[in-house]
Amino acid sequence: MGADAPTSRWGFRCFSVAIQLLLLVFLTGHTECWRPANNPAAGPTSTNIPNPGWMHRMRLDANYDVYWSISDSEVTFEVQVRTLGYLVFGLSPSGHFHDADLIVGWIHNGRPRFQDRHGLPNGGSSLDPQQDYDLIGAHENETHTVMRFRRKLVTCDDKDLNITVSTSWLMYAYSPNDPLSDADISFSNNPHGSKPVYLMHRSQFADDELPSDVKVWDLRNYQVSVPENEDTLHWCRIFKLPPLDRKHHMIRYEPVFTAGSQPFVHHMNVYECVGDPSVFEVLAATEGSRCYQPSMPPLFFNCNNVVVAWTAGSEGFTFPSEAGYPMNRAGGAKFFMLETHYDNPNLQSGIVDHSGLRLFYTSQLRHHDAGVLSVGIDPNWKHIVPPGQRKVVSEAHCVADCTQQALPSRGINVFAVNQHTHLLGRQVQLRHIRGDKELPPLVDDANYDVHYQEYRQFQKPVNVLPGDHLISQCTYNSESRSTITLGGLSTREETCLAYLLYWPRVDLSLCYSLPSLATILHSLGIQELHPGSDPVRIKSPPELADQTVEERLITFDWDKNFHTFQEATRRGAFRPLCWGKTQALIDGSTAPDYYAPNATQPLPEADPAVCAPRGTLPPRPATVAKTPHRKNVNGGAAGQPGVQRNRTVTTTSAPVTVPAMTTTTTANSRVPSITAGRPSLSHESNGQVNNGHVASVWGQGASLNHEKLGPPPSSVMIETPLNDVVHLHNSPAATQETTASQELSSRRASVMQSSSESTAPRLGSFTIILIALCCTYLHNSVWASCSCSSSSSRSL
C-alpha cells in the first residue's frame, strides 16, 4: 500500500492536469486556428512579400495609387488605397463606369474578398460569369488596403476590356466601409473618378531620381494677355541658352502653369533657332510677340527645329537612360523659341499667363544624342475634313526619298511618339512601310482622346531605316460640324502630326506632305480653273462654271459624294516637304507629285486565335476552357476537365510600416522622400513592414523579380479557399451571381452579431486530435515521471 500511494497521487495529478488542459482547449475551441501570439504560423506573411520593380505608376487621387507592369501576355497591378473598406479598380474605353471592366476587393476578418465585375448602364455592377483576375496578395493596416492581382492582356471575355496600345481609362472608387450586399457597392456615393492612360506605353516615372548635378532652365512667358475677342492666340518668345562650359544633355522637361491658366494652354513647343546672333540677342530681351502674323519678326521663321513638343494632358517627359537632347554641342543652337498656343473658345476675359516649360539638363552625358522628327500634314486649306461624317481619314507622308537622304545607314531608333490632332481626332496611327512590305505600326490607337496627348514610350526602340516610308494617319469624327473644317493652326481647324523622339540625332527636322491642288480639285469634281482669276473660279465642267472654289466647298453635297472625295484624297497625288535643320531637302512647292506607296505585302491580319474587340466576340465554343491560362493541378490541358488547386489562407499579426511617398523637387535632385501615411514595399526591406498591426494574405511560392517585373510564373497562385476569396472559378455561370450576392448578404447578419462566430464554442476534428495528442503526451510524460520516482524510491 505504501509503495502504491505515490503512484496513485501521480496518477491523480496526471488526470487533473489532463482535465484542465482539456477544458482549456475546449474553451479556446472557438478560435479558427489557435496558436501563441509570439509564435505565428509558418508560411507567407507580410515579411516575405516579393516587391517587384514596377514599370509604371500613377496617382489617381490623393488616397489612391496604382502600380503596374506588363509582360508579353499578362499585366500585374497593385493598388494602394487609404481605406479600410472596399476598393474598386477598373478599365474603361470611355472613362465611364457603365462600360468598365471592374474588380471589387476588401479585407474582412483578415481574409480577402475579391470579385471580377463589370459596370451596368443603371450605375451598378454585376459579377462576371468568367472570373479573369487572379489575386496574388492582399493586406490592410490601420490606414490602407493593398491588393496585388493580375490578368491576361486578352481574356476572351466580352465583359473585360482588352489591354492594347490604345488609350484606356483607369477607373477608381473606394468606400470607408465593407459592403454588406451588392447594393452597397456604389461608385457615385463614394470618392471616385477616372484618368486616361497608355497602359502599355506610359512614359517613365516623373519623380525618378535625377543626376546630382542636374540644372533647371525655365522657359516661361511673361504677362501674356489672352484676347477675350479671339478664340486662338499663338505667342512666341526667344530665350538664350544659359552659359555652359561644355556639352550637356536635357533629360527631362515638364510644364509649369500659372494658377488657373492650364485649361487655356493647348500646346507648347520649343524650337532651335538659326541666324544672326546679334539680332537674336535683341529679341531675347523682349517679352515676345504674336506668331505667324505680319508683325512677327522675320527671324522667328528661322526657328523650326523641334526640341520639345508638349500637348494638352501631358505631364512632361523623362528621357530613357541611354539618350538625352544635346545642349551646347559644337555648332549647336544658342537661341531657342517657345511657342505657346492659347485656346479660349468661350472668350473669357482677364486671363494673364506666365506658363512655360521647365527643362532639366546635366553634364553627365548619355550614350546617344536624341533628336525630334515631326511627321505630319502641312497646315493648309488643302487639308479638308468634310462635315457630318463619322469617319474621315487624313494621311501625311514622310516619303522614302526624304529618309534615304537624311538617315544614316543603320537608321534611327524611335523610342517615343506623340501624335497630335485638334478637336475632331478619334483614332491615330503611325504606319511604317519598308519597300513593298507594311511593318507593324509604331502607334495604333483606336481610342484616341484629344484631351490626353502624352508621349508614348516604347519598351524597345523601333528602327527606321533610310528608304522607309512613314504615314501619320488621323481619323476624325465630324458629325458635330455642319460646315467643312480646314487644316490650320487654330483649335477649330484641324491638324495631323506625329512627333518622334529618336537616337542618334540627324539633320532632319520635319517631314510633311500636303495633297496637291490637282487632287483637291479632282475630289471636288472640278476639271479646270480660269487662269489668273481672283477669286479663283471654275471653268469646267459646265455645270460648275463661274463658281468660285470656295462656293464649291460650301455647296458640295458631302453626304452623296463623301466616299468619292475620300478615295480621291487618299489615292491622289501629294507634295512632300522635307526639311533639315537649315535647308529643304525636298521643297514641296517645286517637288513633283508623289503617291502613296503600294504595299503588296500588307500588314498581316490578326491571329484568329486572338479575341475580337469587346462587343464583337462570338459565342464561346463549349469545348474551350473559360480560363485556359490557369494551371490545372491534375495535369488536364486547357479545355479538358481538371481540378483547380485548393486554396488556403494565412492570417497573421505582423509589424507594418505605412510610409507615404512624396516627391521633393529641387534644382539639384529629384529623390522620392518617404513620410508617414502610405503603404510601401521597398527593395531595401524586401517587402517588410515595420510597425502596427496587419492582416496579410500573399500567394504561396510567388517569385517576382525585385529589379523588374517580368512575366509572372504560371505557378504563382494565391492559396485561398473559394469561400474566402470570391473568385468562383469552378461555380456554374448561372449560380455565380447568386453565390456572390449570398456571400455579401450573409455579412449583414454577421455585422449585427459580429461576436457570435468568435464566442460560440466549437469542437472540431482538429480540436479532438489536439486533445488526443495532449493526453498522449501527458500520459507518457507522467508515467515516465512516475517510473523515475518509483525507481528512486526502490534504490533508496
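A salt bridge is a side-chain nitrogen of Lys or Arg within 4 Å of a carboxyl oxygen of Asp or Glu. Keep that in mind for these views of a predicted model, where local features need pLDDT of at least 70, side-chain atom pairs count only at pLDDT 80 or more, and totals for chains, interfaces and linings use all residues. Residues are numbered from 1 along each chain as its sequence is written, and side-chain values use heavy atoms, with hydrogens and water left out.

**View 1. Glu 395 and Arg 431 meet in a salt bridge.** Their side chains come to 3.3 Å, N to O. Glu 395 sits in strand E27 (residues 392-398) and Arg 431 in strand E29 (residues 425-434), 36 residues apart. Strands (E, at least two residues) are DSSP runs, numbered from the N terminus. Both residues are buried, where buried means under 20% relative accessible area, exposed over 50%, and partly exposed in between (1.4 Å probe, protein chains only). Glu 438 and Arg 570 join Glu 395 and Arg 431 in a network of salt bridges.

**View 2. Arg 505 forms a salt bridge with Glu 272.** Here the closest N and O atoms are 3.2 Å apart. Arg 505 lies in the loop between strand E34 (497-503) and strand E35 (510-515), and Glu 272 in strand E16 (residues 265-273), so the pair ties together parts that are 233 residues apart in sequence.

**View 3. Lys 247 and Asp 369 meet in a salt bridge.** The side chains are 2.8 Å apart, N to O. Lys 247 is in the loop between strand E14 (232-240) and strand E15 (248-256), while Asp 369 belongs to strand E24 (residues 368-369), 122 residues away. Lys 247 is partly exposed, at 26% relative accessibility, and Asp 369 is partly exposed too, at 21%.

**View 4. Strands E1 and E2 form a hairpin.** There are 2 residues between the strands. E1 and E2 (residues 64-70) pair in the antiparallel sense over 5 bridges; two strands pair if DSSP finds at least two bridges between them. Look for Arg 59, which stands opposite Asp 65 in E2. Of the 6 residues of E1 (residues 56-61), 5 are buried, so the strand is largely enclosed by the rest of the structure.

Notes
Helices (H or I, at least four residues) and strands (E, at least two) are DSSP runs, numbered from the N terminus.
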